[in-house]
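Hi,

Here is the structure I promised to pass on.

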Amino acid sequence: MDVAVSQARGREDAGMPNLRQREKQIQYGKNTPEYQLYLQQIPKCQRRRGDIRSPDPYANISKRAFDGCVSVSRSFSWTAVSDDEDDDA
């Protein structure tokens, strides 16, 4: 029984660098000027259920799938900002 516990802990420890990298990617996207403008235009409290959200860093998905989710969320916020700027012009 101790072997199963140690194996489970080993998997958690092995995933920690991956978790830190995922959180770093999300923070990088949130620090962009486009995202800050997106926050001003659509505050978190006004977002609807279907709106794009930052991906869950704890999700059990591959690195490639997570990178795809990050890319979609970033491109959505940039698109929303550029669409609103076009409406203002």
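In which helix do Tyr35 and Tyr38 both lie, and how many residues apart? Both lie in helix α2 (residues 33-41), three residues apart, which is about one turn of the helix.

Before the rest, some housekeeping. This is a predicted model, where local features need pLDDT of at least 70 and side-chain atom pairs count only at pLDDT 80 or more, while totals for chains, interfaces and linings use all residues. Numbering runs from 1 along each chain as its sequence is written, and side-chain values use heavy atoms, with hydrogens and water left out.

Overall, the chain has three helices and zero strands, in the order α-α-α along the sequence. Helices here are DSSP runs of H or I with at least four residues, strands are E runs of at least two, and numbering starts at the N terminus. Of the 89 residues, 20% count as buried (under 20% relative accessible area; exposed is over 50%, partly exposed in between, with a 1.4 Å probe and protein chains only). Among contacts with a separation of 6 or more, 65% come from residues 24 or more positions apart (contact means heavy atoms within 4.5 Å).

Another ring to look at is Phe66: Arg22 lies over its face, at 4.7 Å from the ring centre (the rule is NZ of Lys or CZ of Arg within 6 Å of the ring centre and within 35 degrees of the ring normal).

Thr32 sits in the loop between α1 (2-30) and α2. Thr32 counts as buried because its relative accessible area is 12%. A polar atom of the Thr32 side chain is 2.8 Å from the backbone oxygen of Gly29.

As for cysteines, there are zero disulfides (cysteine sulfur atoms within 2.5 Å). Cys45 is exposed, at 73% relative accessibility, and Cys69 is partly exposed, at 36%.

Cheers

Technical notes: A polar contact is a pair of N or O atoms within 3.5 Å; within protein, one must be able to donate a hydrogen and the other to accept it, and residues adjacent in sequence count only if both atoms are side-chain atoms.
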